[in-house]
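Visitor: I am new to this structure and would like a close look at a single part of it, the sheet and what surrounds it. Could you take me through that part step by step?

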Amino acid sequence: SELSLSSNPQRLLTVYKYHKRELEDVLIEIVRLANLEYPSPLVFRNLLNGYLRHNGMKGNEYIVDAEFTDANNPYIIVQRRFSLLRPLYPSFILQPSKNTVDE
């Protein structure tokens, strides 16, 4: 099932064209995680702060502060910090060629 983000966080990401798709995935994931942790359904309200650190060995690490409202009571505001790691794809290990005559 697809999660819907009520305040359309995609408009917040127009500046980051290179990472736009990846950041959209991160926002969808934090909405999913927030709804797993909170007993009542939450609706995404605002992206408060975000930090991206690229590590060549691990991948991209995201620290995101987000604000949600309770779907049943819009006066309840929940702020939460998430730390996510998006690992790099499996890398290839170069091995020496088996034909050592030409080297």
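Guide: In this predicted model, three strands form an open sheet in the order β1-β2-β3, and their pairing is antiparallel. The edges are taken by β1, which covers 42-55, and β3, which covers 77-87, and because each has a single partner strand, one side of each is left without a neighbour in the sheet. From one strand to the next, the twist averages 15°.

Turning to the pairing of β1 with β2, the latter made up of residues 59-70, we find 12 bridges between these antiparallel strands, and one of the residues to look for is L52, whose bridge partner in β2 is Y62.

In general, nonpolar side chains in soluble globular proteins tend to be buried together.

Finally, the loop between β2 and β3 holds P74, which counts as exposed because its relative accessible area is 54%, and exposed means over 50%. Although P74 and L42 are 32 residues apart in sequence, their C-alpha atoms are 9.4 Å apart in space.

Conventions. Residues are numbered from 1 along each chain as its sequence is written. This is a predicted model: local features need pLDDT of at least 70, side-chain atom pairs count only at pLDDT 80 or more; totals for chains, interfaces and linings use all residues. Side-chain values use heavy atoms; hydrogens and water are left out. Two strands pair if DSSP finds at least two bridges between them. Helices (H or I, at least four residues) and strands (E, at least two) are DSSP runs, numbered from the N terminus. Axes are lines fitted to C-alpha atoms, for helices over the stretch in contact, and angles run from 0 to 180 degrees between N-to-C directions. Buried means under 20% relative accessible area, exposed over 50%, partly exposed in between (1.4 Å probe, protein chains only).
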